[in-house]
Amino acid sequence: VAKMAAPTMEERKACWGARDEFWQCLDQHAEDASKCEKLRLSFESRCPQQWVKYFDKRRDFLKYKRKLETEGYQTPEAAGKS
């Protein structure tokens, strides 16, 4: 089993920068990932795979949280009737 070394500060900054650029692109293109493919590849190449998975889940959670804050919570029954 290969031991993964912790990323250096420069590697972390490169990863976070690539993530931010990719997320900004998604925001600008209404989540159309096809328009942000190059940035996605850059994000994936600059970040450890576990980080990419974590950040993908984090983005989904933040979008969900933002939706709850703007629209409020709807029960599944109420959502089905609208």
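A residue is called buried here when its relative accessible area is under 20%, exposed when that area is over 50%, and partly exposed in between, as computed with a 1.4 Å probe on protein chains only. The structure is a predicted model, in which local features need pLDDT of at least 70 and side-chain atom pairs count only at pLDDT 80 or more, while totals for chains, interfaces and linings use all residues. Residues are numbered from 1 along each chain as its sequence is written, and side-chain values use heavy atoms, with hydrogens and water left out.

The chain holds 4 helices and 0 strands, so that its elements, read from the N terminus on, follow the order α-α-α-α; helices (H or I, at least four residues) and strands (E, at least two) are DSSP runs, numbered from the N terminus. Of the 82 residues in the chain, 20% are buried. Among contacts with a separation of 6 or more, 58% are between residues 24 or more positions apart, where contact means heavy atoms within 4.5 Å.

A disulfide is a covalent bond between the sulfur atoms of two cysteines, and the criterion applied to the model is a pair of cysteine sulfur atoms within 2.5 Å. Searching the whole structure gives 2 disulfides, and when the bonded cysteines are numbered in sequence order their pairing is 1-4, 2-3.

One of these bonds joins Cys 15 to Cys 47, with an S to S distance of 2.0 Å. The link between Cys 15 and Cys 47 is right-handed, with 110° about the S-S bond. Because Cys 15 lies in helix 1 and Cys 47 in the loop between helix 2 and helix 3, this pair ties together parts that are 32 residues apart in sequence. Both Cys 15 and Cys 47 are buried.

Cys 25 and Cys 36 form a disulfide as well, with their sulfur atoms 2.0 Å apart. The torsion about the S-S bond of Cys 25 and Cys 36 is about -90°, and the disulfide is therefore left-handed. Cys 25 belongs to helix 1 and Cys 36 to the loop between helix 1 and helix 2, so that the pair links distant parts of the chain, 11 residues apart. Cys 25 is buried, with a relative accessible area of 7%, and Cys 36 also counts as buried, at 1% relative accessibility.

We turn next to the packing of the helices. Helix 1 (residues 9-28) packs against helix 2 (residues 37-46) at an angle of about 155°, their axes lying 8 Å apart; axes are lines fitted to C-alpha atoms, for helices over the stretch in contact, and angles run from 0 to 180 degrees between N-to-C directions. Helix 1 and helix 2 are therefore roughly antiparallel to each other, on a scale where angles under 35 degrees count as roughly parallel, over 145 as roughly antiparallel, 65 to 115 as roughly perpendicular and the rest as oblique. The residues of helix 1 in this contact include Cys 15, Arg 19 and Cys 25, and those of helix 2 include Leu 39, Arg 40 and Phe 43. By class, the contact of helix 1 with helix 2 has 7 nonpolar, 1 polar and 5 charged residues, with Ala, Val, Leu, Ile, Met, Phe, Trp, Tyr, Cys and Pro counted as nonpolar, Asp, Glu, Lys and Arg as charged, and the others, Gly among them, as polar.

Helix 1 also packs against helix 3 (residues 49-71), at an angle of about 40° and with the axes 12 Å apart, which means that helix 1 is oblique to helix 3. Among the residues that meet are Cys 15, Trp 16, Arg 19 and Trp 23 in helix 1, and Trp 51, Phe 55 and Leu 62 in helix 3. The contact of helix 1 with helix 3 has 7 nonpolar, no polar and 5 charged residues.

Helix 2 and helix 3 pack at an angle of about 130°, with their axes 8 Å apart, and helix 2 is therefore oblique to helix 3. Here Arg 40, Phe 43 and Glu 44 in helix 2 meet Val 52, Phe 55 and Asp 56 in helix 3, a contact whose residues divide into 3 nonpolar, no polar and 3 charged.

Arg 19 deserves a separate look. Arg 19 sits in helix 1 and counts as buried, at 16% relative accessibility. Leaving aside residues up to four places away in sequence, Arg 19 touches Phe 43 and Phe 55; Phe 43 is in helix 2 and Phe 55 in helix 3.
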